[in-house]
Amino acid sequence: APETSKQKEDIIWSDFQFYAVLENGNIELKMSEESNIEVVKDTNILVEIPADIFVKEINIITLSTAESTYLMNLLSDKNKYQAVIPMPAVKGVFDLKILVVYKDGTIKEIHKNITVDPQGYIYTMSSNYFGLGKKQEVRIADAKVSLFQVNDGKPILWNSEGKQDNPVMTNQSGEYAFWVPNGEYYLIVEKLGYKTAKSENFKVDNVLVVKNIPIELKIKP
């Protein structure tokens, strides 16, 4: 049976659930009333709210971001309203507006920010011809990035339960990203011809791993 929720007169931001839509499943973006959404570009976000939370009858619920507006659909069998919204393809901070329009003509409007971040990337520092001039970042495609989770000081290769690959290979721009439960992690980067690199341990509190990691060429003797 569908789960029932407590009815509320006043709907707030944290009554909505947000999920990153991944190839093989979704991961919840847990947020407080104060927090905004942080995502990487070209992500799809699933938004849900229980249908029986509303005291008054609903006319429509819409979500607007950047230049588009999306209707939340009522899924009677799941007892919830749902919509999938694509995130902007460029980095920046965007307004997300939720409009709940009741049948009695009253409207509840909720505004939040969505921060669209670039993905993390792997790079090497390369000087220009003859070793003169300033070194520049050169992105590394097809580098293998492995994510390790640290629990009680013990690292294990993070298991996404089939939702995402781990390790991943960087794309043509040297980019990668992981959506993970909040916690402590580190990354190992491997690429033929380069020294293996390990990041420092870091804490994740926005379910997103997007670190920029340098790797060094192996010097031939």
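**Strands and aromatic rings in a predicted model**

Modeller: Five strands form an open sheet with antiparallel pairing, in the order S2-S1-S4-S8-S7. The model is predicted.

Biologist: What makes strand S2 and strand S7 the edges?

Modeller: Strand S2 (25–28) and strand S7 (73–75) each have a single partner strand, so one side of each is left without a neighbour in the sheet. From one strand to the next, the twist averages 35°.

Biologist: How do you know that strand S1 and strand S4 pair?

Modeller: Pairing requires at least two bridges. Strand S1 (residues 17–22) and strand S4 (residues 44–50) have four bridges, in the antiparallel sense. Phe18, for example, has Val47 in S4 as its bridge partner.

Biologist: Turning to the rings, how many aromatic pairs are there?

Modeller: The count is seven aromatic pairs.

Biologist: Why is the pair of Phe148 and Tyr186 called stacked?

Modeller: Rings pair if their centres lie within 6.5 Å, and planes under 30 degrees apart count as stacked. For Phe148 and Tyr186 the values are 5.2 Å centre to centre and 10° between the planes, and the pair is stacked.

Biologist: Which parts of the chain does this pair link?

Modeller: Distant ones: Phe148 is in strand S13 (residues 144–151) and Tyr186 is in strand S18 (residues 183–190), 38 residues apart.

Biologist: Why is Tyr186 called buried?

Modeller: Buried means under 20% relative accessible area. Tyr186 has 11%, so Tyr186 is buried.

Biologist: What makes the pair of Trp158 and Phe178 edge-to-face?

Modeller: Planes over 60 degrees apart count as edge-to-face. The ring centres of Trp158 and Phe178 are 6.2 Å apart and their planes stand at 85°, so the pair is edge-to-face. This pair also links distant parts of the chain, 20 residues apart. Trp158 lies in the loop between strand S14 (154–157) and strand S15 (168–169), and Phe178 lies in strand S17 (residues 178–179).

Biologist: Are Trp158 and Phe178 buried or exposed?

Modeller: Trp158 has a relative accessible area of 6%, so Trp158 is buried. Phe178 has 0%, so Phe178 is buried.

Biologist: Which residues form one aromatic cluster?

Modeller: Phe54, Tyr81 and Tyr102 do.

Biologist: How do you know that Lys198 lies over the face of Tyr186?

Modeller: The distance cut-off is 6 Å from the ring centre, and the charge must also be within 35 degrees of the ring normal. Lys198 is at 4.1 Å from the ring centre and lies over the face of Tyr186. Arg139 lies over the face of Tyr121, at 3.6 Å from the ring centre.

Notes: Residues are numbered from 1 along each chain as its sequence is written. This is a predicted model: local features need pLDDT of at least 70, side-chain atom pairs count only at pLDDT 80 or more; totals for chains, interfaces and linings use all residues. Side-chain values use heavy atoms; hydrogens and water are left out. Rings of Phe, Tyr and Trp (its six-membered ring) pair if their centres lie within 6.5 Å; planes under 30 degrees apart count as stacked, over 60 as edge-to-face and the rest as tilted. Helices (H or I, at least four residues) and strands (E, at least two) are DSSP runs, numbered from the N terminus. Buried means under 20% relative accessible area, exposed over 50%, partly exposed in between (1.4 Å probe, protein chains only). Axes are lines fitted to C-alpha atoms, for helices over the stretch in contact, and angles run from 0 to 180 degrees between N-to-C directions.
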